[in-house]
Amino acid sequence: MVEKISFTINGQLRVVEVDPEMMLIDVIREILNLTGTKRGCDNATCGTCTVVINGKATKSCNTPVSKVAGAEILTVEGLARGKELHPIQKSISESGAIQCGFCTPGIVMELYGLLENKPDASELEISNSLNKHLCRCTGFEPIKDGALMAQKIIQDRNKN
Amino acid sequence: MSYKYIGKSYNRPDAINKVTGKAQYLDDIRLPGMLHAAILHPEYAHARIISIDTSEAEKMPGVVKVVTGKGCKLHYGDNIKDLVPMADEKVRYIGEPVAAVVADTTFNAQKALEKIKVVYEPLPVYIDARDSMREDAVLIHEENGDYWHLPTLKPQSGTNVANLYQLKKGQGKDGFSEADVVVEGDFLYPFGSCAAIEPHGSIVWFKEDNTIEAWSSSICPFIIRQDLAHSYGVPESDVRVHIPDIGGCFGYKSDITVEQTVAYIASFVPGYPVKWVASRKEDFTSTLLGHGIRMIMKIGAKKDGKLVAMETKVLHSGGAYADTAVNVTIAATHNCTGPYEFDHCDLTGYTVYTNTPPVGAYRGYGHQEAQFATERLMEILARKLGMNSFELRKMNYLCEGKVNSLGEMMWKTNGDMKACAEKVQNLVFSKESLHEDENFYYGRGFAALMKSPKGAPFSTKGCYIKMNIDGSISINMGGAEVGQGLRTIVQQIAGEALHIPPERIRVYNEIDTQYSPYEWQTIGSMFTTQGGRAIIRAADKLIMVLKQTAAQVLKTDVDYLDYDGEYVFLKNDPSIRVAVPELSRGYITSDGITIGEVAQSVSDARLPRYSNPDQNGQGSLGVEYTFGAQAAEIRIEKKSGKIFVDHFASTFDVGQVINPLQIRGSVMGGVLMAIGATLYEKVEFDQDGKITNPHFFKYHLPTYKEAPQQTVDFIENPGTVGPFGARGIGEHPVIGPAPAILNAIYDAIGVDFFEIPVTPEIIKKALANKQQKEYA
């Protein structure tokens, strides 16, 4: 069965006609061609498909598209304003957190969901968030460094 | 030595694309008319195929073609042509392609796949080399010995031994007559998966003009090109292979594997590009596995600790096809002496056919499996001799004037093993050791290591440099960027060699065999070393082109000129000069007449005098070794048996650090990967050859909270081959963690382990046994 489902993604209103049981990752990647959201596993264990839905970091590989009707979705393509990177993107790109880059979009969106809602998140909260993501390259320390750098920039930005 | 651009942390040129989601990986590629393939895998790990019925599948929605391996006689491989793109009469492992559906969408292809009916006649299944080496074992390849293979390999016809490699140094095992003390052990580094977060995949397009175009998340485009050209009878120049961004490799995306299967499937639908990307499950079952290596090792020493002889049998469960495993076995065999000199060696490596997915490269390539045994045995030997293990190691380290197993003399320029060991020792072992408390046991363990430049004699890496009209530089190479950061390194080395800031040097993104200079494959931690040398050679040629043109402009001889990146000028009067950009497309004189060559150059570099093994299994690997030392500080929770790695220290003599931020990242990532192998990761098979944990729920990769605090240090004794003295580092950090952690476990609880992963259940059992013994 095909249904019409509408939602906002990266600020654009989109209407898709799909099986409502189709997973959001497939809609994002195969129908909307937003390939920044990655698939790294079969069962919601790697975290690389994470997007932000109504402000909350959510895995798109086990979210049926019917659940996002009317929602506001943000993917990694929606963070930068023109050439100006979001503080999380900037920090992650400079802290050594990027090697192969395949886990990066999911981690960036996870941190966006956390730090934009809770700029004063504790180190434990940050580590709980990052613990949902697999990275095979970095040993995680540079990702933590990037997260802390980003948190500081966001806190400073919010003060002004 | 101080450099302008070397030794500084430049940011990666691909960082922004990756953080904005714009980097293009294999599955992100969309081509006009592209179709999608789904691949059927067998129900048995070893069976004859009696019949395949595809009639129902062909009627399913969206299906364009159903393909089977019936009558497929293609064999491929780089070392032994024993691989097949799809099973014909027989399946040999659980993930082998049996049939495929090509459809408009992946979903429709998968739905149709369920309708294919296959009848099998099961055969005995062998997971362990020891079982398939038994005399009464059924042959997994009746053709063993008949396949084309490299002349240096020795398949044992009529057995399941795909290759036998033997190395003899000095008196071989007779050398044990000089030994006062002997220790031995049987060590297992079990099957693992590289498990890059991006699963492997390919796109292949047979075009109407009889050319083939392919895309793959692979690190060896030129091998894919050569192999597809050979299989389909077209000139190599008519096969074009593209490599997009790669989401991690760690070994298993090397050699040619899934590309041949996707090509075989695509060859049935000419005119249409066909994409296949492994699910995570298929990434475990149907691409390459790692390790599967058992080391049966014996070491003999004098009473004073001087090592004299080693005898090792390497039993490598190589999987259903041995093409990708043979060189891993050979590397495990000749590198099993670790960083020590033995006068006498008798080392034998068996690559054995088994009914698992083919085993291939995994970061470390035989070194960690082999030196896991060596570094555990050194600790056990020290105990038997009643010696301090640091002292025992120190008196036996390979260093200037010592000779390794292959017969290569070590030089000062190979680096300083002792200095690495001392640094780690001071950092981790100079403190008081922690005593057992209510909840935890504490331990510290050490491992020294050696990494060889395992590759091939003909392995080379090319570099093309083009100077643009404004004097900026474009560089093209064939090195695959899998995350290791080689493009940053290219910018820095070229910047230093050309005296041009890295910001004015643009490095290639994708590899395209039509445009990229030849590279064998990006393996063996050799890109910085060989690729860097190629850059310096090409830079020198480019500077010579500029000087030759400038000599005409300035009416002098080339050797009177110097170059500083901005000008070519007269050495004795620098005011007589010409700006470099003016020489870039030749020099345009005042009347428009143009003289001199366009400023571009090409070069390549191999390791010096790398050779095939001789009749004793010895020979030169290009004298490019790296030494290092690692140590773990661990805590074992009494209640749960859980091991926590609190601190891990590494020091390598890398010759010259090129990018401090990147090299630190390489080491930390490698250490965590090997901690995964040591404590959590093992691909499990049931007795029927099915993989019981092909997903991240049960195949546990180390997470954020399991990552230890790390100290990463370097020593810089420049080498003679790599650029500015630099040596490789990519694989080295995975070599020491398993023995260091198992040595730490012994330190903590006095129990020796010979096999990984050491899980909480194993620790709990060991503690219970120990308690029982203490009470008895």
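Helices (H or I, at least four residues) and strands (E, at least two) are DSSP runs, numbered from the N terminus. In the model, which is predicted, local features need pLDDT of at least 70, side-chain atom pairs count only at pLDDT 80 or more, and totals for chains, interfaces and linings use all residues. Residues are numbered from 1 along each chain as its sequence is written, and chains are lettered from A and ligands numbered from 1 in the order in which they are written.

**B:His291**

The loop between α7 (280-285) and β13 (293-301) of chain B holds B:His291. With 27 other C-beta atoms within 10 Å, B:His291 is buried (20 or more such atoms; exposed means 12 or fewer, and partly exposed lies in between, with C-beta atoms placed from the backbone). Residues are in contact if their C-beta atoms, placed from the backbone, lie within 7 Å. Leaving aside neighbours within four places in sequence, the contacts of B:His291 are B:Tyr189, B:Pro190, B:Phe191, B:Gly192, B:Tyr362 and B:Glu369. B:Lys682, 391 residues away in sequence, has its C-alpha 9.9 Å from that of B:His291.

**Nonpolar core**

A nonpolar core is a set of buried Ala, Val, Leu, Ile, Met, Phe, Trp, Tyr and Cys residues joined through C-beta atoms within 7 Å. The largest one has 283 residues, and B:Ala37, B:Val101 and B:Ala494 have the most contacts inside it. Helix α13 (residues 527-553) of chain B gives the largest share of this core, eleven residues.

Helix α14 (residues 660-679) and helix α15 (residues 737-749) of chain B pack at an angle of about 55°, with their axes 8 Å apart. Axes are lines fitted to C-alpha atoms, for helices over the stretch in contact, and angles run from 0 to 180 degrees between N-to-C directions. The two helices, α14(B) and α15(B), are therefore oblique to each other (angles under 35 degrees count as roughly parallel, over 145 as roughly antiparallel, 65 to 115 as roughly perpendicular and the rest as oblique). Their contact is made by B:Val671, B:Ala674, B:Ile675, B:Ala677 and B:Thr678 of α14(B) and B:Pro737, B:Ala738 and B:Ile741 of α15(B).

The contact between the chains takes 39 residues from chain A and 46 residues from chain B. On the side of chain A that touches chain B, α2(A) gives the largest share, four residues. The classes below count Ala, Val, Leu, Ile, Met, Phe, Trp, Tyr, Cys and Pro as nonpolar, Asp, Glu, Lys and Arg as charged, and the others, Gly among them, as polar.

| Contact | Nonpolar | Polar | Charged |
|---|---|---|---|
| α14(B) with α15(B) | seven residues | one residue | no residues |

Technical notes:
Two residues are in contact if their C-beta atoms, placed from the backbone, lie within 7 Å.
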